[in-house]
Structures are given as structure tokens and as C-alpha cells.
Amino acid sequence: MTANEDRSIRLDRMRFTKNKTSANLALLAILFDVCFFISIYESDVGTYYYNILVGASILYNLIFMLAAFLCSEGVKNYKAGYAWLMGALGLGQLARIFIYPMKAHAAVVTVQDVPSAVMGDAQFTRTVVFLCLSAACLLVGAVIGVIRSRALAAHIASLDSRAA
């Protein structure tokens, strides 16, 4: 069997199998986002987290998790649009580093006349790592999804042109 025949067989198999790699990376990104979410909201430092930004962050987390799950189902069926959405979600996760983790790490609140850091170095590092891992999973899954969906579309187009 030649390399060209082997490639053709692999592409043909894609018509009948799911893109589990991209789908599982999207689910793993959700898991890392949940770890970020828990790490941020388990801490209770004064009234720092009692503002409108927390509400927006919680709402974004819910929308993010729903969109990432939707992407995992879409890329599983080689739909390139969902892979692009995964990429956008990954970039959004990177942007989130500069919202809560950075602001909370720099903030100091006074609790019972004692100044306290809102987010210590360990928690800051942990939250940034979780967001970076989530973004990496989404971006890698998006690249794999786009490459595979394009390859499958080209293969199906070549099959259609041979049949005509």
C-alpha cells in the first residue's frame, strides 16, 4: 500500500468516525475553567468580590461553559465554524487573565483594621495556570478541528468530482 492510498483511507474513515481529539480538548478546557472558577470564588476577602464585575464574571463563566460544550459537539462532527468559535473562546480565556486575577492580585482590602491581599501569589499563579491551560486546550482543539474539517471537506469534494 502506498502512502497516498494510506492517506486516502484515513481521510475516508473520517466520514464515519468522530473528531474525538478536538471534542475532548474542549471538555478539558471546561474542566480547567471550573477549577479557575472554584479557585477565585472560594476565597472570601472582605467585600472585594461583592460587585457587578463578579456577576458579569459568573455570567460569562456560564456562557463560556455552554459555548465550549456546544463547540465540543460541533467539532466532533468536523464542523469548522465550531472550531473557529473554540479559537475565539481560547483567546477570551487569555484575556480573562487581565481582568480578575491581575486586579485581585494587585488589590489590598482592610478586614478588621488589618490590610490583607485579596489574592496571594499562590492563588494568582494557580488561576493564571488554569486559564492558560483552558486556553491552550481550546486553541489546540480549534487548530486540529479546522485542519481535519478542511481535509474531510476536500476529500468529499474529490469523491464527488470522481463520481460526476
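# A tour from Arg15

Start by selecting Arg15, in the loop between α1 (3–14) and α2 (20–41). Helices here are DSSP runs of H or I with at least four residues, strands are runs of E with at least two, and both are numbered from the N terminus. The model is predicted: local features need pLDDT of at least 70, side-chain atom pairs count only at pLDDT 80 or more, and totals for chains, interfaces and linings use all residues. Residues are numbered from 1 along each chain as its sequence is written, and side-chain values use heavy atoms, with hydrogens and water left out.

Stay on Arg15. Its relative accessible area is 39%, so Arg15 is partly exposed (buried is under 20% relative accessible area, exposed over 50%, partly exposed in between, with a 1.4 Å probe and protein chains only). Now show its contacts (heavy atoms within 4.5 Å). Beyond neighbours within four places in sequence, Arg15 meets Leu152, His155, Ile156 and Leu159.

Next, select Tyr78. Tyr78 sits in the loop between α3 and α4 (80–96). Tyr78 is buried, at a relative accessible area of 11%. Check the backbone: phi of Tyr78 is near 60°, a positive value in a residue other than glycine. Most residues other than glycine have a negative phi.

Move to Ser22, in helix α2. Ser22 is buried, with 0% relative accessibility. Leaving out residues up to four places away in sequence, Ser22 touches Val75, Met86, Gly141, Ile144 and Gly145.

**Salt bridges**

How many salt bridges does a search of the whole structure find? It finds two (a side-chain nitrogen of Lys or Arg within 4 Å of a carboxyl oxygen of Asp or Glu).

Select Arg96 and Asp33. Their side chains form a salt bridge at 3.0 Å, N to O. Arg96 belongs to helix α4 and Asp33 to helix α2, so this pair ties together parts 63 residues apart in sequence. Arg96 is buried at 7% relative accessible area, and Asp33 is buried at 1%.

Then select Glu73 and Lys76. Their closest N and O atoms are 3.2 Å apart in a salt bridge. Both lie in helix α3, and because they are three residues apart, about one helical turn separates them. Glu73 is partly exposed at 33% relative accessibility; Lys76 is partly exposed at 24%.

**Hairpin**

Go to β1 (residues 108–111) and β2 (residues 114–117). The strands run antiparallel and are joined by four bridges (pairing needs at least two DSSP bridges). Val108 faces Ala117 of β2. Two residues lie between the strands of this hairpin, and Gln112 in the turn has a positive phi of about 55°.

Leu53 is in helix α3 (residues 52–76) and is partly exposed at 31%.

**Zoom out**

Show the whole chain. Six helices and two strands make up its elements. Their order from the N terminus is α-α-α-α-α-β-β-α. The C-alpha atoms fill a box of roughly 80 × 30 × 20 Å along the principal axes. Finally, colour by burial: buried residues account for 38% of the 164 residues.
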